Amino acid sequence: MKEKYSLALWWGAARWFAHIWVIQYIEENDIGIEEISWTSMWAIVASLYAIWKTSEEMIEISKAINYIKLIDVSLKEGLLKGDKIYKKLHSIFWEILIEELNIPLKIIATSIYNWERKVFESWKIIDAIRASISLPGIFKPHSIEGELYMDGGIVNNLPIECLNGKNIIAVSALKKVNEDLQSKRKILWVDFNVWFFKLNFQILQRTLIFMMKQNEDRSLQAQGKNIILIEPEYGELDFHSFNKVDELVGVWYREAEKYI
(Lines give C-alpha, C1' and ligand atoms only; values in the text may rest on other atoms or scores of the structure.)
Protein backbone atom coordinates (compact mmCIF):
# COMPACT_ATOMS: atom_id res chain seq x y z
CA MET A 1 0.00 0.00 0.00
CA LYS A 2 1.30 3.44 -0.91
CA GLU A 3 2.05 5.97 1.79
CA LYS A 4 -0.66 8.56 2.30
CA TYR A 5 0.20 12.20 2.84
CA SER A 6 -1.26 15.32 4.35
CA LEU A 7 -0.84 18.59 2.47
CA ALA A 8 0.13 21.88 4.14
CA LEU A 9 -0.19 24.71 1.65
CA TRP A 10 1.30 28.14 1.99
CA TRP A 11 0.07 31.72 1.50
CA GLY A 12 1.27 33.27 -1.77
CA ALA A 13 -1.24 35.63 -3.44
CA ALA A 14 -0.83 35.08 -7.22
CA ARG A 15 1.59 32.21 -6.57
CA TRP A 16 -1.37 29.96 -5.82
CA PHE A 17 -1.44 29.38 -9.59
CA ALA A 18 2.04 27.87 -9.41
CA HIS A 19 0.93 25.47 -6.73
CA ILE A 20 -1.53 23.80 -9.08
CA TRP A 21 1.51 21.83 -10.32
CA VAL A 22 1.57 20.06 -6.94
CA ILE A 23 -1.98 18.87 -7.53
CA GLN A 24 -1.07 17.86 -11.09
CA TYR A 25 1.87 15.78 -9.86
CA ILE A 26 -0.28 14.17 -7.17
CA GLU A 27 -2.93 13.24 -9.76
CA GLU A 28 -0.50 11.76 -12.26
CA ASN A 29 1.34 9.71 -9.65
CA ASP A 30 -1.76 8.51 -7.78
CA ILE A 31 -0.55 9.86 -4.43
CA GLY A 32 -3.12 9.47 -1.66
CA ILE A 33 -4.02 12.68 0.22
CA GLU A 34 -5.80 12.13 3.52
CA GLU A 35 -6.19 15.76 4.71
CA ILE A 36 -5.29 19.29 3.66
CA SER A 37 -4.55 22.49 5.55
CA TRP A 38 -4.01 25.83 3.90
CA THR A 39 -3.78 29.55 4.36
CA SER A 40 -5.03 32.46 2.25
CA MET A 41 -5.12 32.16 -1.56
CA TRP A 42 -4.05 28.51 -1.39
CA ALA A 43 -7.49 27.86 0.11
CA ILE A 44 -8.96 28.23 -3.37
CA VAL A 45 -6.75 25.52 -4.93
CA ALA A 46 -7.23 23.14 -2.00
CA SER A 47 -11.00 23.63 -2.01
CA LEU A 48 -11.17 22.99 -5.75
CA TYR A 49 -9.20 19.78 -5.25
CA ALA A 50 -11.48 18.72 -2.42
CA ILE A 51 -14.60 19.10 -4.59
CA TRP A 52 -12.95 16.87 -7.22
CA LYS A 53 -11.80 19.54 -9.66
CA THR A 54 -8.78 18.41 -11.68
CA SER A 55 -5.62 20.46 -12.15
CA GLU A 56 -6.68 21.18 -15.74
CA GLU A 57 -10.03 22.50 -14.54
CA MET A 58 -8.24 24.65 -11.95
CA ILE A 59 -6.10 26.21 -14.67
CA GLU A 60 -9.17 26.99 -16.78
CA ILE A 61 -10.94 28.56 -13.79
CA SER A 62 -7.83 30.62 -13.00
CA LYS A 63 -7.56 31.91 -16.57
CA ALA A 64 -11.24 32.75 -16.78
CA ILE A 65 -11.21 35.10 -13.78
CA ASN A 66 -11.03 38.80 -14.62
CA TYR A 67 -9.19 40.07 -11.55
CA ILE A 68 -9.66 43.74 -12.46
CA LYS A 69 -13.43 43.31 -12.33
CA LEU A 70 -13.15 41.89 -8.80
CA ILE A 71 -11.82 45.18 -7.42
CA ASP A 72 -14.32 47.06 -5.24
CA VAL A 73 -12.49 49.91 -3.53
CA SER A 74 -13.46 51.13 -0.07
CA LEU A 75 -10.91 53.46 1.52
CA LYS A 76 -13.01 53.53 4.68
CA GLU A 77 -13.02 49.75 5.29
CA GLY A 78 -9.86 48.65 3.51
CA LEU A 79 -8.53 48.93 0.00
CA LEU A 80 -10.93 46.19 -1.17
CA LYS A 81 -14.35 45.43 0.31
CA GLY A 82 -14.17 41.91 -1.06
CA ASP A 83 -17.89 41.71 -1.94
CA LYS A 84 -17.19 40.97 -5.62
CA ILE A 85 -14.64 38.32 -4.67
CA TYR A 86 -17.20 36.74 -2.34
CA LYS A 87 -19.75 36.58 -5.17
CA LYS A 88 -17.13 35.02 -7.45
CA LEU A 89 -16.30 32.41 -4.82
CA HIS A 90 -20.02 31.67 -4.48
CA SER A 91 -20.28 31.04 -8.23
CA ILE A 92 -17.56 28.38 -7.87
CA PHE A 93 -18.34 26.76 -4.51
CA TRP A 94 -22.02 27.65 -3.96
CA GLU A 95 -23.17 26.67 -0.44
CA ILE A 96 -20.86 23.66 -0.02
CA LEU A 97 -19.84 22.97 3.58
CA ILE A 98 -16.31 21.96 4.54
CA GLU A 99 -17.59 19.05 6.62
CA GLU A 100 -19.43 17.57 3.62
CA LEU A 101 -16.23 16.84 1.70
CA ASN A 102 -14.49 13.46 1.52
CA ILE A 103 -11.05 14.98 2.15
CA PRO A 104 -10.84 16.70 5.56
CA LEU A 105 -10.01 20.38 5.00
CA LYS A 106 -8.64 22.92 7.45
CA ILE A 107 -8.70 26.59 6.45
CA ILE A 108 -6.62 28.94 8.59
CA ALA A 109 -7.70 32.48 9.51
CA THR A 110 -6.69 34.94 12.25
CA SER A 111 -9.08 36.46 14.80
CA ILE A 112 -8.83 40.25 14.68
CA TYR A 113 -9.74 40.48 18.38
CA ASN A 114 -7.09 38.28 19.98
CA TRP A 115 -4.78 37.52 16.98
CA GLU A 116 -5.15 33.80 17.59
CA ARG A 117 -5.31 31.17 14.87
CA LYS A 118 -8.76 29.95 13.84
CA VAL A 119 -8.93 26.56 12.10
CA PHE A 120 -12.12 26.18 10.08
CA GLU A 121 -12.97 22.47 9.83
CA SER A 122 -16.67 23.12 9.32
CA TRP A 123 -18.69 26.01 7.87
CA LYS A 124 -19.27 27.25 4.33
CA ILE A 125 -16.16 27.01 2.17
CA ILE A 126 -16.74 30.49 0.73
CA ASP A 127 -16.84 32.12 4.18
CA ALA A 128 -13.73 30.31 5.39
CA ILE A 129 -11.82 31.27 2.22
CA ARG A 130 -12.99 34.89 2.38
CA ALA A 131 -11.83 35.09 6.00
CA SER A 132 -8.47 33.51 5.21
CA ILE A 133 -7.62 35.90 2.34
CA SER A 134 -8.34 39.13 4.25
CA LEU A 135 -4.84 40.59 4.09
CA PRO A 136 -4.56 43.61 6.48
CA GLY A 137 -4.82 46.93 4.67
CA ILE A 138 -5.93 45.21 1.45
CA PHE A 139 -9.16 43.34 2.17
CA LYS A 140 -11.89 44.29 4.60
CA PRO A 141 -11.99 41.76 7.51
CA HIS A 142 -14.67 39.09 7.14
CA SER A 143 -17.32 38.48 9.79
CA ILE A 144 -18.42 34.98 10.79
CA GLU A 145 -20.86 34.61 13.68
CA GLY A 146 -19.98 38.09 14.94
CA GLU A 147 -16.22 37.45 14.91
CA LEU A 148 -13.97 39.35 12.51
CA TYR A 149 -11.19 37.43 10.77
CA MET A 150 -8.08 38.38 8.83
CA ASP A 151 -5.57 36.49 6.69
CA GLY A 152 -4.37 33.24 8.27
CA GLY A 153 -0.83 33.98 7.13
CA ILE A 154 -0.48 36.53 9.91
CA VAL A 155 0.01 33.77 12.47
CA ASN A 156 0.27 30.47 10.56
CA ASN A 157 1.23 30.66 6.89
CA LEU A 158 2.49 27.04 6.66
CA PRO A 159 -0.13 25.21 8.77
CA ILE A 160 1.53 21.90 9.64
CA GLU A 161 0.66 21.74 13.34
CA CYS A 162 -3.09 21.30 12.83
CA LEU A 163 -2.66 18.21 10.62
CA ASN A 164 -3.21 14.79 12.18
CA GLY A 165 -1.13 12.79 9.70
CA LYS A 166 2.53 11.96 10.20
CA ASN A 167 3.68 12.29 6.57
CA ILE A 168 3.38 15.90 5.43
CA ILE A 169 3.99 17.51 2.03
CA ALA A 170 4.52 21.19 2.87
CA VAL A 171 4.68 23.71 0.01
CA SER A 172 6.26 27.12 0.63
CA ALA A 173 5.62 30.17 -1.56
CA LEU A 174 7.99 32.36 0.43
CA LYS A 175 9.96 34.78 -1.69
CA LYS A 176 13.68 34.76 -1.02
CA VAL A 177 15.10 38.26 -0.76
CA ASN A 178 18.87 38.33 -1.10
CA GLU A 179 19.51 41.50 -3.05
CA ASP A 180 19.83 45.01 -1.60
CA LEU A 181 16.95 47.46 -1.62
CA GLN A 182 16.61 49.15 -4.98
CA SER A 183 17.05 52.82 -4.14
CA LYS A 184 18.40 53.90 -7.53
CA ARG A 185 17.20 53.37 -11.08
CA LYS A 186 19.42 53.92 -14.09
CA ILE A 187 17.88 55.67 -17.10
CA LEU A 188 20.36 55.84 -19.94
CA TRP A 189 23.55 56.77 -18.06
CA VAL A 190 21.97 58.64 -15.17
CA ASP A 191 21.00 57.23 -11.75
CA PHE A 192 17.70 58.47 -10.33
CA ASN A 193 16.21 57.87 -6.90
CA VAL A 194 13.36 55.34 -7.10
CA TRP A 195 9.82 56.53 -6.46
CA PHE A 196 9.13 56.98 -2.73
CA PHE A 197 6.25 54.49 -2.73
CA LYS A 198 8.27 51.86 -4.57
CA LEU A 199 11.02 52.04 -1.97
CA ASN A 200 8.51 51.75 0.86
CA PHE A 201 6.79 48.86 -0.90
CA GLN A 202 10.10 46.99 -0.88
CA ILE A 203 10.50 47.67 2.85
CA LEU A 204 6.93 46.55 3.64
CA GLN A 205 7.32 43.41 1.54
CA ARG A 206 10.54 42.44 3.32
CA THR A 207 8.90 43.03 6.69
CA LEU A 208 6.07 40.65 5.78
CA ILE A 209 8.50 38.05 4.41
CA PHE A 210 10.59 38.18 7.60
CA MET A 211 7.47 37.74 9.75
CA MET A 212 6.21 34.82 7.68
CA LYS A 213 9.64 33.16 7.61
CA GLN A 214 9.57 33.09 11.41
CA ASN A 215 6.08 31.54 11.32
CA GLU A 216 7.23 28.98 8.76
CA ASP A 217 10.32 27.97 10.76
CA ARG A 218 8.15 27.46 13.84
CA SER A 219 5.73 25.22 11.90
CA LEU A 220 8.57 23.14 10.47
CA GLN A 221 9.62 22.24 14.02
CA ALA A 222 6.34 20.37 14.63
CA GLN A 223 7.07 17.21 16.59
CA GLY A 224 6.31 13.72 15.29
CA LYS A 225 6.01 14.74 11.64
CA ASN A 226 7.86 13.46 8.58
CA ILE A 227 7.91 16.71 6.59
CA ILE A 228 8.77 16.97 2.90
CA LEU A 229 9.32 20.68 2.29
CA ILE A 230 9.01 21.97 -1.29
CA GLU A 231 10.53 25.42 -1.87
CA PRO A 232 10.41 26.42 -5.56
CA GLU A 233 12.50 29.24 -6.97
CA TYR A 234 10.08 31.80 -8.43
CA GLY A 235 12.53 34.17 -10.07
CA GLU A 236 10.75 37.29 -11.32
CA LEU A 237 7.28 35.82 -10.75
CA ASP A 238 5.93 37.70 -7.75
CA PHE A 239 2.91 37.76 -5.44
CA HIS A 240 1.13 40.18 -7.80
CA SER A 241 1.74 38.24 -11.07
CA PHE A 242 -1.95 37.44 -11.62
CA ASN A 243 -1.54 37.80 -15.39
CA LYS A 244 1.03 34.99 -15.68
CA VAL A 245 -1.01 31.88 -15.06
CA ASP A 246 0.81 29.67 -17.59
CA GLU A 247 4.26 30.64 -16.34
CA LEU A 248 3.30 30.13 -12.70
CA VAL A 249 1.58 26.80 -13.28
CA GLY A 250 3.83 25.18 -15.84
CA VAL A 251 7.37 26.07 -14.88
CA TRP A 252 7.42 24.31 -11.48
CA TYR A 253 5.78 20.98 -12.20
CA ARG A 254 9.11 19.09 -12.22
CA GLU A 255 10.05 20.56 -8.85
CA ALA A 256 7.78 17.97 -7.21
CA GLU A 257 9.86 15.11 -8.62
CA LYS A 258 12.88 16.31 -6.64
CA TYR A 259 11.10 15.98 -3.32
CA ILE A 260 8.17 13.54 -3.32
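Visitor: Is Lys213 buried, partly exposed or exposed, and what is its relative accessible area?

Guide: The model is predicted, so local features require pLDDT of at least 70 and side-chain atom pairs count only at pLDDT 80 or more, while totals for chains, interfaces and linings use all residues. Residues are numbered from 1 along each chain as its sequence is written, and side-chain values use heavy atoms, with hydrogens and water left out. Buried means under 20% relative accessible area, exposed over 50%, and partly exposed in between, with a 1.4 Å probe and protein chains only. Lys213 is therefore partly exposed, its relative accessible area being 34%.

Visitor: With which residue does Lys213 form a salt bridge?

Guide: A salt bridge here is a side-chain nitrogen of Lys or Arg within 4 Å of a carboxyl oxygen of Asp or Glu. With closest N and O atoms 2.7 Å apart, the partner of Lys213 is Asp217.

Visitor: How many residues apart are Glu35 and Lys106, which meet in a salt bridge?

Guide: The side chains of Glu35 and Lys106 pair at 3.6 Å, N to O. Glu35 is buried at 4% relative accessible area, and Lys106 is buried at 5%. Glu35 lies in strand β2 (residues 32-39) and Lys106 in strand β5 (residues 105-111); this pair links distant parts of the chain, and the separation is 71 residues.

Visitor: What is the distance between the closest N and O atoms of Glu95 and Lys124?

Guide: Glu95 is partly exposed at 40% relative accessibility, and Lys124 is partly exposed at 27%. Their salt bridge has its closest N and O atoms separated by 2.6 Å.

Visitor: How many residues does the largest nonpolar core have?

Guide: A nonpolar core is a set of buried Ala, Val, Leu, Ile, Met, Phe, Trp, Tyr and Cys residues joined through side-chain atoms within 4.5 Å. In the largest one, the residues with the most contacts inside it are Leu7, Ile36, Phe93 and Phe120. Contact means heavy atoms within 4.5 Å, and, not counting residues up to four places away in sequence, Ile36 touches several residues, including Leu9, Tyr49 and Lys106. The size of this core is 49 residues.

Notes: Helix = DSSP H or I, 4+ residues; strand = E, 2+ residues; numbered from the N terminus.
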